[in-house]
There are 2 protein chains.
Amino acid sequence: MYRELLDHIKKYVQLEPHEAQLFCEKLELKKLKKKEFLLEPGRLCKGNYFVVKGCTRQFFINKKLTEQIIHFGIENWWIADQDSLLNNQSSTCYIQAVEETELLLLNEKDRISLFKEIPLLETYFRTMMQKSFVASQRRIGYIFNMTEEERYRHFTKLFPGFVQRVPQYMLASCLGFTPQFLSRLRAKK
Amino acid sequence: MYRELLDHIKKYVQLEPHEAQLFCEKLELKKLKKKEFLLEPGRLCKGNYFVVKGCTRQFFINKKLTEQIIHFGIENWWIADQDSLLNNQSSTCYIQAVEETELLLLNEKDRISLFKEIPLLETYFRTMMQKSFVASQRRIGYIFNMTEEERYRHFTKLFPGFVQRVPQYMLASCLGFTPQFLSRLRAKK
DNA sequence: CGCGACGTTGATTTGCCTCAACGATTGTGG
DNA sequence: CCACAATCGTTGAGGCAAATCAACGTCGCG
């Protein structure tokens, strides 16, 4: 039984004890050291990972041969390459631990088959997906509507404390600009 | 019975005839004239709309007091303000018909209650949500990894013919740059 | 016809990137 | 334990791509 995850689920749906039990039996605990990879290009994403503790980043190598971070994953977030899962195709990106990280893997096949036994679990994942979609829609809005500086200020407000956890160049990449520019931003005040 | 929609659903899940019947009974056909609004800021989004025919755009007014288009909706796409639906809060954006448009409204309450009667419908919407999320994740990747020009070329390749359907200034807004810049792009070749 | 909506083109400005050099810190091997 | 390399952040100078501002052309429609 994994309390952190069950607590998270409880916010959205009320599972019966035996359902929670069944669900937890399918999970696999993974521990990653700093800089260890969870996924690399060319591999199939195995399933969805729930971050119990730590921090991951998902990124790809862009045309300029630099790392472009798509997003971070922190405590109580689900991470995965949904593109790989949905289309059952090999991934084009990396998922890597930024810190020492503990995750729970829910294998994709298990996830789908659990939906028949635990309908509320499908409701839960449908809701998670909707939340993720809303978040990325908002993010697109921010990219087009805010200056780089506003985006940085907004990000630090949205995730106070998180800025301290990752190197600045990763933050810059995630926000879509250069480490130098971020450095100048911070120098300004 | 609405064939276009049922055909679309059939690609993902196999409903029983009586389920399809029950589902269609909940739908409400809406017709919009060009420039008519489906949603405005301050209103609650009523549910998900399936575009049978026509084209819509979803946009908000940004800080420079210009319209920022979030995305378009065309035939066989579901559109909605998911943020409004998910959090049951009033919308901050507009949805407007770009052309004369026919839509099917699935009220949010009906949608949720149908999930109990037709479990496969929840599977369908979970999948739609995942597809939408993947699409917007990809889009974020494109924004950071491609130049404006590449993004324009990519968009026209992805949706051939669509470019002709909407004014250039809308296309420019959706791609995240100015109408003048798009004009210069097109002049280049 | 005359107005408004849309697209084009030119001149100027500006925000961010690039390139480069230099510190500070951390980690590692002799 | 120290020397050295690697990693990460800072700062300066210069360049460029796209935005802005502005004027003009064209089409469609009341």
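**Close-ups of a predicted two-chain model**

**Figure 1. Where chain A meets chain B.** Here 28 residues of chain A are in contact with 28 residues of chain B. On the chain A side, the elements giving two or more residues are β5 (67-74), α3 (82-87) and α5 (119-145). The largest share belongs to α5(A), with 19 residues. Sorted by class, that side of chain A has 11 nonpolar, 11 polar and 6 charged residues.

**Figure 2. How the two copies are related.** Take chain A, rotate by 180° with 0.0 Å of shift along the axis, and chain A superposes on chain B with an RMSD of 0.0 Å. That is what a two-fold axis does.

**Figure 3. The α5 helices of the two chains, side by side.** How do α5(A) and α5(B) lie relative to each other? Their axes come within 9 Å and cross at roughly 25°. Angles under 35 degrees count as roughly parallel, and α5(A) and α5(B) are therefore roughly parallel to each other. The crossing of α5(A) past α5(B) is left-handed. As for who takes part, the contact between these helices has 12 nonpolar, 10 polar and 6 charged residues.

**Figure 4. Met129(B) and its partners from chain A.** Met129(B) sits in helix α5 of chain B. Is Met129(B) buried or exposed? It has 22 other C-beta atoms within 10 Å, and the cut-off for buried is 20 or more, so Met129(B) is buried. Once neighbours within four places in sequence are set aside, Met129(B) is in contact with Arg126(A), Met129(A), Gln130(A) and Phe133(A).

**Figure 5. Helices α8 and α9 of chain A.** This view zooms in on α8 (residues 168-175) and α9 (residues 179-188), whose axes come within 8 Å and cross at roughly 105°. That angle makes α8(A) roughly perpendicular to α9(A). From α8(A), the contact uses Gln168(A), Tyr169(A), Leu171(A) and Ala172(A), while α9(A) brings in Pro179(A), Phe181(A), Leu182(A) and Ser183(A). The class tally for this pair is 6 nonpolar, 2 polar and no charged residues.

Figure 6. After α7(B) comes Gly176(B), which has a positive phi, near 90°.

**Figure 7. Two non-glycine residues with positive phi, Lys35(A) and Asn76(B).** Lys35(A) is in the loop between β1 (28-32) and β2 (37-39) of chain A. Its phi is about 75°, positive even though Lys35(A) is not a glycine. Lys35(A) is exposed, with 10 other C-beta atoms within 10 Å. Over in chain B, Asn76(B) is in the loop between β5 and β6 (78-79). Asn76(B) is not a glycine either, yet has a positive phi of about 70°. Asn76(B) has 14 C-beta neighbours inside 10 Å and so counts as partly exposed.

Note on methods: Residues numbered from 1 in each chain as written. Chains lettered and ligands numbered in written order. Predicted model: local features only at pLDDT ≥ 70, side-chain atom pairs only at ≥ 80, totals over all residues. Contact = placed C-beta atoms within 7 Å. Helix = DSSP H or I, 4+ residues; strand = E, 2+ residues; numbered from the N terminus. Nonpolar A, V, L, I, M, F, W, Y, C, P; charged D, E, K, R; others polar. Least-squares fit on C-alpha atoms with pLDDT ≥ 70 in both. Axes fitted to C-alpha atoms, helices over the stretch in contact; angles between N-to-C directions. Parallel < 35°, antiparallel > 145°, perpendicular 65-115°, else oblique. Left-handed = near helix turned anticlockwise from the far one by under 90°. Buried ≥ 20, exposed ≤ 12 C-beta atoms within 10 Å, placed from the backbone.
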